[in-house]
Amino acid sequence: MAETEVLVVGGGPGGLSAALAAARAGAKTTLVERHGCFGGVITQSMVGTIAWYRTREATVDAGGIGVEFEQRAKAMGASLEVNRYQVLDTEVFKFIADRMVQEAGVVPLLHCQTVGVILEGRTLRGVITESKSGRQAILAERVIDATGDADLTHRAGAPFRIGPKQELEGVTVNFGCSGVDLARFIEYVLKNPSSVADWGDESGEKEKAEFSTYLVEPFDKAKAAGEIPRDVRMESYWGSFTDAGEIPNLNAIHMSGFDATDVRDLTRAEIEGRQQVMWAVAALKKYAPGFEQARLRTIGASLGVRESRKILGDYHLTGHDVLNEARFEDSIGIFPEFLDSNGIAVMPSTGRYFQVPYRITLPQNVENLLVAGRCVAGDRISHAATRQMMCCTVTGQGAGVAAAVSIEDGVTCRDVAVPRVQAALRRQGVRIE
Ligand SMILES: Cc1cc2nc3c(=O)[nH]c(=O)nc-3n(C[C@H](O)[C@H](O)[C@H](O)COP(=O)(O)OP(=O)(O)OC[C@H]3O[C@@H](n4cnc5c(N)ncnc54)[C@H](O)[C@@H]3O)c2cc1C
């Protein structure tokens, strides 16, 4: 179907950043996405809280494309400003992503899923796609796997790990409501405030001081009344609201025991998740002040997945690294000491941060392939940081620039001169140190 210099597969925060960065660094770039819009979890699961951790002055970010997403949304009136961050309007973000892709000169391909790879020995030469146009091939000098699930790494026979499904982070069907009496609801929230420390994860003293949109009482009441099965884990985070009485994203359904790389599990989770959404809406209407007249308006277009395959890379990022301000010579950006998932919650209110090493984007035993986003190499605790959308934009932008520089210099991704990548990233506004 096409030939390109850099091919990015997956248009979530990781892939979108990778494609924009590669094109801005001068590479002819194609971005392939299986759904009808870019944005990944942002647009499929309506998660606009890309920087919700930035509650304190001290918190530091890498800047770069993630912050640009916030600024673009703000400039279009397509975000809600809270504290020091923007919550993206995830519907308008579909359009913002289109515009950014077009402006950077990235060739977009929507409704196109990769199903295989073209290898010459251990060198990746391209991918096989399936779409309404049939089975086709795209040849590329460099490929970036931003599928979230490390699909290409898996297809290329490169090593990865995935935990037993009972131990993977839960999957979620997000939903949104309209017709909420916000004054009543906010009054209720303020009378029953929650903090990050209420999540039940391992956290410290400072997390008690961090307000959270965590809401569990209505669901507990519904369980006590026999309206929701007791063994269902239901507790909601509501990211934002609009003047029109909408809560666009309720993240209440947390289902364990599903492997997001298994089509039968994906199907079961979508159907079970929608059942739970119906229970959740009924509980909110009955037990959450302000929700009495609310209506279910949206259900996420696709299941939200937090954890699946993780590549084995040239470096394995550890929990110790992200909790001890690790520094790396091959830094491609920084990320604040913010962890959320796999039983740990740490808020980055101190100004502490770690550097993100380039080597976590380099899969072992294959050439011409980089990964970006949540499937980068690391353990379960470091995943609680690297899965965050803003960190996905850091690994995305780093991988995109590295791919472009490696083509320009005629070297493999593994041999690329890191100082050249860092210089190009600085020119793109990324903080490395
Ligand atoms: C319910 C939920 C709530 C969350 N809340 C927050 C939050 O508040 N803040 C935060 O920072 N993070 C949050 N996260 C985590 C964060 O959203 C994800 O970790 C992040 O989006 C991962 O980015 P990614 O680009 O790696 O993958 P994704 O966002 O999953 O994007 C991957 C993209 O690749 C496409 N794709 C996959 N396979 C193929 C293929 N074979 N061919 C073509 N396209 C393919 C997918 O359709 C998708 O668009 C949340 C996650 C979930 C599930």
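This is a predicted model: local features need pLDDT of at least 70, side-chain atom pairs count only at pLDDT 80 or more; totals for chains, interfaces and linings use all residues.

User: Why is the crossing of α1 and α11 given a hand, and which hand is it?

Analyst: The hand follows from how the near helix is turned from the far one: anticlockwise by less than a right angle is left-handed, clockwise is right-handed. The crossing of α1 and α11 is right-handed.

User: How do you know which residues of α1 and α11 meet?

Analyst: The test is a C-beta to C-beta distance within 7 Å. On the α1 side, the residues that pass include Pro13, Gly14, Leu16 and Ala18, and on the α11 side they include Met389, Cys392, Gly396 and Ala403. By class, this contact has 13 nonpolar, eight polar and no charged residues. Gly counts as polar in that division, and Gly14, Gly15, Gly396 and Gly400 are among the residues that meet.

User: What makes a residue part of the shell around the ligand, and which come nearest?

Analyst: A residue belongs if its C-beta atom, placed from the backbone, lies within 6 Å of the molecule. There are 38 residues around the ligand, and Gly10, Gly12, Gly40, Gly304 and Gly373 come nearest. α1 (13-24), β6 (112-120) and α11 (389-409) are the elements that give two or more residues to this shell. Its classes are twelve nonpolar, 19 polar and seven charged.

User: How do you know that β6 and β7 are paired?

Analyst: Pairing needs at least two bridges. β6 and β7 (residues 123-131) have eight, in the antiparallel sense, so they qualify. Within the pair, Ile118 stands opposite Gly126 of β7. Two residues lie between the strands of this hairpin, and Gly121 takes a positive phi near 65° there.

User: What about β7 and β8: how many bridges do they have?

Analyst: Six, again antiparallel, with β8 covering residues 134-145. Val127 faces Ile138 in β8, and the hairpin of β7 and β8 has two residues between its strands.

User: Which bridges and turn go with β3 and β4?

Analyst: β3 (residues 79-82) and β4 (residues 85-88) run antiparallel and are joined by four bridges. Glu81 has Gln86 as its bridge partner in β4. The hairpin has two residues between the strands, and Asn83 in the turn has a positive phi of about 45°.

User: Why are β13 and β16 said to stand at the edges?

Analyst: The open sheet has five strands in the order β13-β14-β15-β10-β16, with antiparallel pairing. β13 (214-215) and β16 (295-299) each have a single partner strand, so one side of each lacks a neighbour in the sheet. Helix α8 (residues 263-287) packs on this sheet, touching β10, β14, β15 and β16, and its direction makes about 110° with that of β15.

User: How do you know that β13 counts as paired with β14?

Analyst: The requirement is at least two bridges, and β13 and β14 (residues 234-238) have two, in the antiparallel sense. The pair therefore meets the requirement. Leu215 has Ser236 as its bridge partner in β14.

User: Finally, what makes up the two domains, and how many residues are in contact between them?

Analyst: Domain 1 spans 2-162 + 309-427, and domain 2 spans 175-299. Their C-alpha centres lie 28 Å apart. Contact involves 18 residues of domain 1 and 16 residues of domain 2. On the domain 1 side, strand β20 (residues 344-346) gives the most, with three residues. That side has ten nonpolar, six polar and two charged residues.

Technical notes:
Residues are numbered from 1 along each chain as its sequence is written. Domain bounds come from an automatic or database domain assignment. Axes are lines fitted to C-alpha atoms, for helices over the stretch in contact, and angles run from 0 to 180 degrees between N-to-C directions.
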